[in-house]
Amino acid sequence: MIWKSAEQCGQCLGDLAVAALIDEVELTPKPGLVDLQSSGSHKDMNVALMIASARSLYDSFEAMGYAAYGGEPNQELRETLACIGRDGEQNMLHTTGGINTHRGAIWALGLLIAGAAICGNGDAPEQIAEAAGTLARFTDRHALVPTSNGTKAMQTYGVKGARGEAMDGFPHVVKVGLPVLRDSRRSKISEKHARLNALLAIMANLDDTCLIHRGGMETLLVVQQDAQKVLDFGGASSVAGWEALQRLDQDLVMRHVSPGGSADLLAATLFMDRLSNISLHHMGTEGGVYNGKAYTSL
């Protein structure tokens with residue numbers, strides 16, 4: 001356990017989570033998603049709104065890290081995290097005027113924050129994700145009956161959705177997003193292209209309930225195949241891959257669909273990547289660097 005206190009743990013993980021959300025929204029171009037270039041398929045969102053939403057979640061992310069510090073996955077912690085997450089969702093909705101910008105990200109990042117606080121940031125991503133998965137497998141006895149679009153898609157089409165992803169230990173983060181991100185970096189392409197490749201790999205493999213809700217299974221399969229084509233053409237850094245990425249973006253906008261679940265898992269991937277690269281110096285042991293603002297010194 002590298003963190004010296006629950007306070008330091010919460011502050012660090014809160015900063016990393018906010019930074020990951022900002023990294024995700026600023027990555028450009030993302031097919032069908034809000035980025036620096038356009039609002040994608042979202043008429044009610046833009047970059048400024050998404051960044052404000054991300055920053056509004058800092059206190060909740062910090063509280064989750066604080067609550068889980070040095071603990072273990074159990075029913076009580078699961079329900080504590082859920083309570084904090086519901087408060088975070090209300091802060092988000094207040095900030096965005098009722099627009100659901102990051103509900104799925106609160107779920108994914110909240111569990112991974114708790115997993116990291118339990119394990120300590122020296123542990124491998126797989127161990128942190130498994131601790132998060134153990135937490136997800138506990139029920140929240142105080143939760144309302146779920147009515148989200150993702151839940152409806154899960155019930156209609158029999159896909160796992162965000163809950164299944166978490167209960168399985170976030171396989172699309174640790175077995176898809178992170179490996180592709182790091183393999184892409186090793187090929188000496190730009191960080192932007194490496195992150196786009198990670199997003200595309202997640203899109204190609206995930207049964208994204210955001211896509212299913214708006215476009216059905218047919219649209220999901222088309223998007224999965226087209227995302228894989230970009231990678232098969234050499235990824236976002238190749239000429240053919242870049243052109244295929246543009247076509248995929250245009251198709252998603254035309255269909256009015258967005259891979260929001262994939263975006264949440266990209267943010268989770270970037271969070272886990274940042275966490276893996278923390279050092280004692282970055283953690284502010286020489287005066288402190290955490291102040292509730294996005295952590296960008298990695």
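Helices and strands are here runs assigned by DSSP and numbered from the N terminus, a helix having at least four residues and a strand at least two. On that basis, the elements of the chain run α-α-α-α-α-α-α-α-α-α-α-α-α from the N terminus on. The model described here is predicted. Its secondary structure comes to 13 helices and 0 strands. The chain has 298 residues, of which 54% count as buried.

**The chain as a whole**

- Among contacts between residues at least 6 apart in sequence, 73% join residues that are at least 24 apart.
- The chain exposes about 12,800 Å², and carbon and sulfur atoms supply 51% of this area.

**The nonpolar core**

- In soluble globular proteins, nonpolar side chains tend to be buried together.
- The largest nonpolar core of this model holds 87 residues. Leu13, Phe61, Phe170, Phe271 and Leu275 are the members that touch the most others.
- Helix H5 gives this core its largest share, namely 11 residues.
- Phe271, when residues up to four places away in sequence are not counted, touches Leu13, Leu16, Ala17, Ala20, Leu109, Leu112 and Ile113.

**Helix H4**

- Helix H4 covers residues 75–96, which makes 22 residues. At 1.5 Å a residue, the helix should span 32 Å, and this agrees with the 31 Å that separate its end C-alpha atoms.
- At the N-terminal end, Asn74 caps the helix: one of its side-chain oxygens lies 3.3 Å from the backbone nitrogen of Glu76.
- Just after H4, Gly97 takes a positive phi of about 70 degrees.

**Salt bridges**

- Side chains of opposite charge can pair when their charged atoms come close. The structure holds 14 salt bridges.
- One of them joins the side chains of Arg86 and Asp140, with 2.7 Å from N to O. This pair links distant parts of the chain, since Arg86 belongs to helix H4 and Asp140 to the loop between H6 and helix H7 (149–157), 54 residues apart.
- Arg86 counts as partly exposed because its relative accessibility is 33%, whereas Asp140, at 14%, counts as buried.
- Another salt bridge is formed by Arg185 and Asp273, whose closest N and O atoms are 2.7 Å apart. It too links distant parts of the chain: Arg185 lies in helix H9 (residues 171–186) and Asp273 in helix H13 (residues 260–276), 88 residues apart.
- Arg185 has a relative accessible area of 26% and is therefore partly exposed, while Asp273, at 6%, counts as buried.
- Arg195 forms a salt bridge with Glu191, with 2.8 Å between the closest N and O atoms. Both residues are in helix H10 (residues 191–205), and because they are 4 residues apart, about one helical turn separates them.
- Arg195 is buried, with a relative accessible area of 18%; Glu191 counts as partly exposed at 30%.
- Through shared partners, salt bridges join Asp23, Arg182, Arg185, Glu191, Arg195, Asp273 and Arg274 into one network.

**Met203 in helix H10**

- Met203 is found in helix H10. With a relative accessible area of 1%, Met203 is buried, the cut-off being under 20%.
- Leaving aside neighbours within four places in sequence, Met203 is in contact with Pro31, Val223, Gln224, Ala227, Leu248, Leu252, Pro259 and Ser262.
- Met203 and Ser262 are 59 residues apart in sequence, yet their C-alpha atoms are 5.7 Å apart in space.

**Ser238 between two helices**

- Ser238 has its place in the loop between helix H11 (209–232) and helix H12 (239–255). Ser238 is buried, with a relative accessible area of 18%.
- A polar atom of the Ser238 side chain lies 3.0 Å from the backbone oxygen of Phe233.
- A polar atom of that side chain also lies 2.9 Å from the backbone nitrogen of Gly241.

Conventions. Residues are numbered from 1 along each chain as its sequence is written. This is a predicted model: local features need pLDDT of at least 70, side-chain atom pairs count only at pLDDT 80 or more; totals for chains, interfaces and linings use all residues. Side-chain values use heavy atoms; hydrogens and water are left out. The expected span of a helix is 1.5 Å times one less than its number of residues. A polar contact is a pair of N or O atoms within 3.5 Å; within protein, one must be able to donate a hydrogen and the other to accept it, and residues adjacent in sequence count only if both atoms are side-chain atoms. A salt bridge is a side-chain nitrogen of Lys or Arg within 4 Å of a carboxyl oxygen of Asp or Glu. Buried means under 20% relative accessible area, exposed over 50%, partly exposed in between (1.4 Å probe, protein chains only). Contact means heavy atoms within 4.5 Å. A nonpolar core is a set of buried Ala, Val, Leu, Ile, Met, Phe, Trp, Tyr and Cys residues joined through side-chain atoms within 4.5 Å. Accessible areas come from the Shrake-Rupley method with a 1.4 Å probe; for residues, only the protein chains shown count as cover.
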